[in-house]
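Here are my notes on this one, as numbered points. Have a look at the model first, then read on.

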Amino acid sequence: MEINGKTRLCGLIGNPVEHTLSPLIHNTLAEKLGHNLVYLPFPVEEKHLEDAVAGAFGLNVLGLNVTVPYKSAVMPYLTEIDKLADEIGAVNTLVRSEEGYTGFNTDMPGLFRAMQSDGVKIDGESVIILGAGGAARAVAFLCASKGAKEIFLLNRSIEKANEVAAEVNALYGDKVCAMELNRFRELPKWRYLAIQCTSVGLYPNADAAVIEDEAFYEMIHTGYDLIYRPEETRFMKLVKKAGGAAYNGLKMLLYQGIIAYELWNGVAVSEEAASEILDLLKEKVSVS
Ligand code: ATR
């Protein structure tokens with residue numbers, strides 16, 4: 001693509017950003033769809049976050065992604081916040097409007113679209129969420145809003161699990177039951193969709209899973225791990241060993257990017273283009 005006087009800029013703000021796969025997603029999409037657009041990573045120090053958002057607006061930047069540790073911290077600098085992002089309390093996508101940027105959360109719609117593309121449903125399911133950090137909190141909102149029958153939120157520290165459960169239940173009724181992680185044997189013996197939202201098992205600690213006991217995995221018909229490095233986490237291996245289906249977080253990464261791209265450019269990205277980009281992401285992850 002030729003960079004010229006009409007090239008639009010999008011980018012990622014966060015710290016660190018060196019290992020991001022987002023430029024691969026967005027620059028490939030721009031090339032495939034023939035958009036005159038470039039996507040760059042911007043490492044931003046916390047003390048410069050407000051300036052970064054104002055500066056991007058001043059420079060006519062079309063849109064930004066926001067990653068760790070600014071998904072909540074960036075919210076005061078936005079002119080509007082989408083309802084879902086507001087509920088979740090985190091934005092990962094800024095879309096330019098006349099006055100400033102509107103904040104969206106495409107992580108959760110991204111996970112939902114990834115699940116749909118894998119044929120995994122939430123509606124009517126009994127769900128176990130492992131973890132109670134930022135990611136687990138958003139997943140709990142997603143599952144409650146998409147009609148999960150009941151949700152067990154298991155975390156090492158019960159205080160955090162209770163907080164997340166109370167927040168979700170305030171909006172969706174008594175959907176979420178908080179539980180200490182090591183009490184998983186008290187779960188009703190149903191068949192569950194389990195979504196792994198802790199950082200346990202993330203590269204380079206690839207030989208760890210947040211629950212090791214095989215009895216736990218016998219209750220899981222489908223396991224989703226938000227981690228995608230390594231490609232097959234120990235959690236996924238344990239799910240598969242017990243006969244369940246297991247997926248990593250790479251498709252979620254793909255679709256959160258695609259939804260952001262669609263918001264910035266007012267287009268719909270085809271499933272064909274999505275699957276080509278997924279192949280590129282897989283290649284990149286397996287090499288790194
Ligand atoms: P994120 O924003 O990705 O969700 P986070 O907010 O730091 O990250 O949350 C990390 C999650 O992984 C938490 O649920 C954390 O459990 P605690 O709340 O008890 O800290 C969980 N976690 C991290 N290391 C863990 C470990 N060794 N065993 C069990 N849970 C762990």
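1. Start with Tyr101: at 1% relative accessibility it counts as buried, where buried means under 20% relative accessible area, exposed over 50% and partly exposed in between, with a 1.4 Å probe and protein chains only. Phe57, at 22%, counts as partly exposed. This is a predicted model, with local features needing pLDDT of at least 70 and side-chain atom pairs counting only at pLDDT 80 or more, while totals for chains, interfaces and linings use all residues. Residues are numbered from 1 along each chain as its sequence is written, and side-chain values use heavy atoms, with hydrogens and water left out.

2. The structure holds nine aromatic pairs. For these, rings of Phe, Tyr and Trp (its six-membered ring) pair if their centres lie within 6.5 Å; planes under 30 degrees apart are stacked, over 60 edge-to-face, and the rest tilted. Tyr39 and Trp264 have ring centres 6.1 Å apart and planes at 35°, so they make a tilted pair. Since Tyr39 lies in strand E2 (residues 37–43) and Trp264 in helix H9 (residues 250–265), the pair ties together parts that are 225 residues apart in sequence. Helices (H or I, at least four residues) and strands (E, at least two) are DSSP runs, numbered from the N terminus. Both Tyr39 and Trp264 are buried.

3. Back to Phe57 and Tyr101: their ring centres are 5.7 Å apart and the planes sit at 85°, so this pair is edge-to-face. Phe57 belongs to helix H2 (residues 49–58) and Tyr101 to strand E6 (residues 101–104), so the pair ties together parts that are 44 residues apart in sequence. Arg96 lies over the face of Phe57, at 4.0 Å from the ring centre. A charge sits over a ring if NZ of Lys or CZ of Arg is within 6 Å of the ring centre and within 35 degrees of the ring normal. Elsewhere, ring pairs link Phe184, Phe216, Tyr217 and Phe235 into a cluster.

4. Lys146 is worth a click too: it lies over the face of Phe112, at 4.2 Å from the ring centre. Leaving aside neighbours within four places in sequence, Asp123 is in contact (heavy atoms within 4.5 Å) with Lys146 and Gly147. Asp123 itself is in the loop between helix H4 (107–117) and strand E7 (126–130).

5. Now the sheet. It is open, with six strands in the order E9-E8-E7-E10-E11-E12 and parallel pairing; two strands pair if DSSP finds at least two bridges between them. Strand E9 (176–180) and strand E12 (245–247) are the edges, each pairing on one side only. Strand E10 (residues 192–196) and strand E11 (residues 220–225) pair in the parallel sense over five bridges. Helix H8 (residues 234–241) packs on the sheet, touching E7, E10, E11 and E12, and its direction makes about 165° with that of E11. Axes here are lines fitted to C-alpha atoms, for helices over the stretch in contact, with angles from 0 to 180 degrees between N-to-C directions.

6. Which residues have the most contacts inside the largest nonpolar core? They are Leu111, Ile129, Val139, Cys143 and Ile195, in a core of 61 residues. A nonpolar core is a set of buried Ala, Val, Leu, Ile, Met, Phe, Trp, Tyr and Cys residues joined through side-chain atoms within 4.5 Å. H9 gives the most to this core, with nine residues. Apart from it lies another core, of 22 residues, including Leu187 and Met219.
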